[in-house]
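Please open the structure in your viewer and keep the selection tool at hand.

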Amino acid sequence: MTPEFDLTTRNTFGLSSRARFAAEVTSAEDLEPLLGEARARNLPMRILGGGSNVVLRPYFDGVVALMSIMGREVLGEHGDTTLVRFGAGENWHEIVEWTVRQGLPGLENLASIPGTVGAAPIQNIGAYGVELVDRFHALSAIDTTDGSVHQFDREQAQFAYRQSVFKRSPGRFAVTSVTLALPKTWRANVSYPGLNDLPADVDAVTVMQRVMVVRAAKLPDWRETGNAGSFFHNPIVDSETAEALAATHPGLPVYPAGEGRSKLSAGWLIEKAGFKGHRHGSAGVSPNHALVIVNNGGATEGEISALAAEIRHEVLKKFGVRLVQEPELL
Ligand code: EPU
């Protein structure tokens, strides 16, 4: 374990932060002694993958396990899918490219999402009409409370929109590998705006390249301007509330969310509350996409959280809608 470990380059927000201890984890076996050390010192332990969905406080008084378990293995056919297993530390976008380019399509709509494979199931990443749950088969995880090893299938993972059993118990499960099921009979999913001018018989490489272009045009690159992608969930409300809001606020995008529920566009609400391009010290709201809070250089967790609170307050006042933060505060 390295003491007083600097996490500033380990989070896509670029927030200045240190951990009391940190250690690289390159195999599932590395985790057990680390858990033992944390327990002996009575310190909490957290797993950090790509650091792309966290807001780091200046100091974490605990042990950070830097997830670096690598590995990519095509396991074989399973019904109408091909199973492929990945180490949790693999970079998500790299494995999207790797599968698509070798003729295993299915992940192309999820291109360019920052972060690691192990983090993908935690919040059931999703983009351009596809969610991780659509391609998920199973995962292995270690329960950090007692070191026991568990397998989770799709049902046990309890996925929902930006939600899973892992997200509901923050820090409890350390994902070590993820097995995805890629469809043997593939059809392009190009229904989402930005992709829907592509022909129905388009190939997966072209879809992937288009997703990369669309994302690059809308979402700031964290290597240039620190950010953690969407800062809030798209709120899910009952359909009556959504209809009433849409009647008083023409243009509000409303999407069906099943069982008499509707999903609203948080980006739209935040833009209409006047925050697009707004600055709050070194923190700000992206001028390209109101759902993305950015670090304009040297922002602290305090400034990011203060801006987020201001946005939540204004959106609640103007629309009566509560926004829920997407990245985890650590
Ligand atoms: N919009 C605005 N103003 C803005 C931004 C968006 O009015 O500044 C409205 C527009 O009407 C637009 C609609 O919101 O048509 C939807 O915007 P977009 O297609 O960019 O999607 P989103 O709902 O804002 C979600 C995900 C993204 C994902 C995109 C594409 C969440 C919280 N976010 O964003 O995921 O890439 O859809 O599928 O569900 C992430 O989670 O970090 C993330 C980037």
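A salt bridge is here a side-chain nitrogen of Lys or Arg within 4 Å of a carboxyl oxygen of Asp or Glu. This is a predicted model, in which local features need pLDDT of at least 70 and side-chain atom pairs count only at pLDDT 80 or more, while totals for chains, interfaces and linings use all residues. Residues are numbered from 1 along each chain as its sequence is written, and side-chain values use heavy atoms, with hydrogens and water left out.

Begin by colouring the domains: domain 1 covers 2-67, domain 2 covers 72-215 and domain 3 covers 220-329, with bounds from an automatic or database domain assignment.

Next, select domain 1 and domain 3 together. Their C-alpha centres are 28 Å apart. In contact (heavy atoms within 4.5 Å) are 12 residues of domain 1 and 17 residues of domain 3. The buried area between these two domains is about 1,200 Å², 56% of it from carbon and sulfur atoms; such area is the accessible area (1.4 Å probe) that two parts lose on being put together, summed over both. On the domain 1 side, show Thr12, Phe13 and Val55, which lose the most area to domain 3 and together account for 50% of what that side buries.

The rule finds one salt bridge across the interface of domain 1 and domain 3. Across that interface there are also six residue pairs in polar contact, both residues at pLDDT 80 or more. A polar contact is a pair of N or O atoms within 3.5 Å; within protein, one must be able to donate a hydrogen and the other to accept it, and residues adjacent in sequence count only if both atoms are side-chain atoms.

A backbone N or O atom of tyrosine 128 is 2.7 Å from a ligand oxygen. At alanine 290, a polar backbone atom lies 2.8 Å from an oxygen atom of the ligand.
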